[in-house]
Amino acid sequence: MREILNIDNITIKFGGLTAVKNFILKVFPGELIGIIGPNGAGKTTIFNMITGIYKPTVNKIYFQDTDITGMKPDKIAKIGIARTFQNVRLMENLTVIDNVMIGFHLHLQSNLLSAIFKFPGYAREEENIYQKSIELLEKVDLEEYKLEKAGSLPYGQQRKLEIVRALATRPKLLLLDEPAAGMNPQETKELMRFIQEIREDFNLTILLIEHDMRVVMGICERILVLNYGETIAEGNPEEIQHNPEVIKAYLGVEATYA
Amino acid sequence: MMKRQNAKVFTILALIVLSILVYLAQNKLDPYQIRILNLGAIYVTLGVSLNLIYGFTGQFSLGHAGFMAIGAYVTALLVLPPYYKEMIFILEPLAWPFTVIHAPFLIALLCSGLMAALAAFLIGLPVLRLKGDYLGIATLGFAEIIRVIANNLPHITNGALGIKGIPEFTNLWWTVGVAVVTIYIIKGLVHSSYGRALMAIRENEIAAEVIGINLTYHKVMSFTISAFFAGVAGGLFACLLTTIDPKAFMFIMTYNILIVLVLGGLGSITGTVIAAFLYNFLLEYLRPIEAGFQIGPIVFPAIPGLRMVTFSVVLLVLIIYKQSGLMGGFEFSWQAFFQFVNKLFTKKKPTEGSTS
């Protein structure tokens, strides 16, 4: 099977600082991969490079065999990569339903004129987008808040809304940047179930940055550990948990004398 | 919930009522009052168009006076009869194509809009990469450049002398008609998927981009459409004043539109419409305070420009206490209107009940 995402030994430098060094990752369709590491290890920078916000200084990134290095973020979204942000980025003053409907804009067929004058073709498309948005909101139990401003939702709900918005773009690859941050244990459990569910329903490949080890160890099949921009370990949850270098750099030594 | 068909019927009824009002105003009011109404309607067009790029798309543009100037000159050059143009261009003879072309008012207005839109497209491509204040400064610079060009191209614009004797085609039918069309189109745009994309850009540019919204396309589109209507308004303006010169399109013009916009509330078309008329009424009815007045024993001397000071104070108060503007982002809809009417009547009923 061909890989869906091929990150080929990329390096990015900001001035004198090397944020990510020689990062290699091949992702196969349907995989759920976790990226962990201490703050400042370069995890989000990798996401920013995949989604076109930064361009790697050295080497390239391929998505389904297309070179996407330096492509603009909106083009990358169009070919099927969606993401969420560590600090939730919603359109706060717009309604919840509008936030989801915006996600469908990139696949809109109608042109500007038919949208302004509400020609039948556009009206049908809009209705369709609305129905699909409602369905997506129902999946995360946000349907009853559809007319609330997105910024007025509690933090955990905002995170879910952001994931739903990403799903609306019909991605093949979904990048989740700390989806469980700020969630209570109950919400985290629901989130884990939700991630598994959308992965099945939408045939997704998922990359996940997360600090909550229950989430990472619970749902990821493969985990990468980053420290100071370099990959220090890679393997399944079992291997990572017992890797001495990972324990030293990130997980910490717990109850060794017990 | 109201049916869409019903809303359409009400809109048509409202337009008929509006037509009757325009007819009455045009025939019963004196020229001075008609002029204020005309200016108000032109400001509606200007305000709503600026609202598209600034209020809805979040791009701080101060170039509206420039687009108006382009529109005003294009209309003036098109509607003036050739023999008359030959007469007034005394500094330098008028350049070739303009000496012969002559077009009816409607065509001239459309050309005004298109030329302004073309200018916006060309300037927008490089300039809309800038953000916030920088964009404001760049577009302000553009408007000034247009004015300086108008001053220094005597064989097209007649330089600082300006163009005089433009036929007074503009009446309430034109100004109100253009305002209605502007509102219809911009409202249609804002309430569509494209409008959502524009608002997404305003709310969070990076998020908008990663969900697949092409920033350049949408910003330039919004800027161009906005400039189109500013150009048309410029054409109306030229045929209302009958005289235009570069001084008419100084920064103060953009500032006036900005006041209307902030007064009515960024992102509220309803607010802009109300504020446009309110601003023009106040501008006239506050004239006496510039002539000097007396409150009890205190005598205020005549200070020219005191009206603008008043507006600055109003604006300050508004920005401090009610940033969302007069209408607070509220938008008129038939549904809301009838809910309001219903409330008025249901409020009365319980009082009747309590007395019985």
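**Ground rules**

I number residues from 1 along each chain as its sequence is written, with chains lettered from A and ligands numbered from 1 in the order in which they are written. Since the model is predicted, local features need pLDDT of at least 70 and side-chain atom pairs count only at pLDDT 80 or more, while totals for chains, interfaces and linings use all residues.

**Entry: the sheet in chain A**

I started with the strands (DSSP runs of E, at least two residues; helices are runs of H or I, at least four residues; both are numbered from the N terminus). I looked for pairs, where two strands pair if DSSP finds at least two bridges between them. In what order do the strands of the open sheet run? I read it as E6-E7-E8-E3-E9-E10 in chain A, six strands with mixed pairing. E6 and E10 of chain A are the edge strands, each pairing on one side only. On average, neighbouring strands are turned by 20 degrees against each other, direction ignored.

**Entry: walking across the sheet**

E6(A) runs parallel to E7(A), residues 173–177, and three bridges join them. Here Ala82(A) sits opposite Leu174(A).

Helix H1(A), residues 43–50, packs on the sheet and touches E3, E6, E7, E8 and E9 of chain A. For contact I used C-beta atoms, placed from the backbone, within 7 Å. The direction of H1(A) makes about 150 degrees with that of E7(A). Such angles run from 0 to 180 degrees between N-to-C directions, with axes as lines fitted to C-alpha atoms, for helices over the stretch in contact.

Next I looked at E3(A), residues 32–36. E3(A) pairs with E8(A), residues 205–209, in the parallel sense over four bridges, and Ile33(A) has Leu207(A) as its bridge partner there. E3(A) also pairs with E9(A), residues 222–227, again parallel and over four bridges. On that side I found Gly34(A) opposite Ile223(A) and Ile36(A) opposite Val225(A).

Leu224(A) faces Glu234(A), and Asn227(A) faces Glu230(A).

**Entry: two positive phi values**

Which residue in the hairpin turn of E9(A) and E10(A) has a positive phi? I found Tyr228(A), at about 50 degrees, in a turn with two residues between the strands. Tyr228(A) counts as partly exposed because it has 15 C-beta neighbours inside 10 Å.

Glu178(A) sits in the loop between E7 and helix H7 (185–201) of chain A. Is Glu178(A) buried or exposed? It counts as buried, because 21 C-beta neighbours lie inside 10 Å. My cut-offs are 20 or more other C-beta atoms within 10 Å of a residue's own for buried, 12 or fewer for exposed, and in between for partly exposed, with C-beta atoms placed from the backbone.

**Entry: chain B on its own**

I counted 17 helices and two strands in chain B. The C-alpha trace spans about 85 × 65 × 45 Å along its principal axes. Why does the radius of gyration of chain B agree with a compact globule? With 356 residues such a globule would come near 21 Å, and chain B has 22 Å. The radius is taken over C-alpha atoms, and the globule rule is 2.2 Å times the number of residues to the power 0.38. Buried residues make up 43% of chain B. Among contacts in chain B between residues at least 6 apart in sequence, 81% join residues at least 24 apart.

I then picked out a helix pair. The axes of H3(B), residues 64–79, and H7(B), residues 132–152, come within 7 Å and cross at roughly 30 degrees. H3(B) brings Ala65(B), Gly66(B), Ala69(B), Ile70(B) and Tyr73(B), and H7(B) brings Phe142(B), Ala143(B), Ile146(B), Arg147(B) and Ala150(B). I sorted these into eight nonpolar, one polar and one charged. In this sorting Ala, Val, Leu, Ile, Met, Phe, Trp, Tyr, Cys and Pro are nonpolar, Asp, Glu, Lys and Arg are charged, and the others, Gly among them, are polar.

**Entry: where the chains meet**

How many residues does each chain give to the contact? I get 28 from chain A and 21 from chain B. On the chain A side, H2 (73–78), E6 (81–83), H3 (96–102) and H4 (112–116) each supply at least two residues. H2(A) gives the most, with four residues. By class, this side of chain A has 14 nonpolar, five polar and nine charged residues.

Conventions
Contact = placed C-beta atoms within 7 Å.
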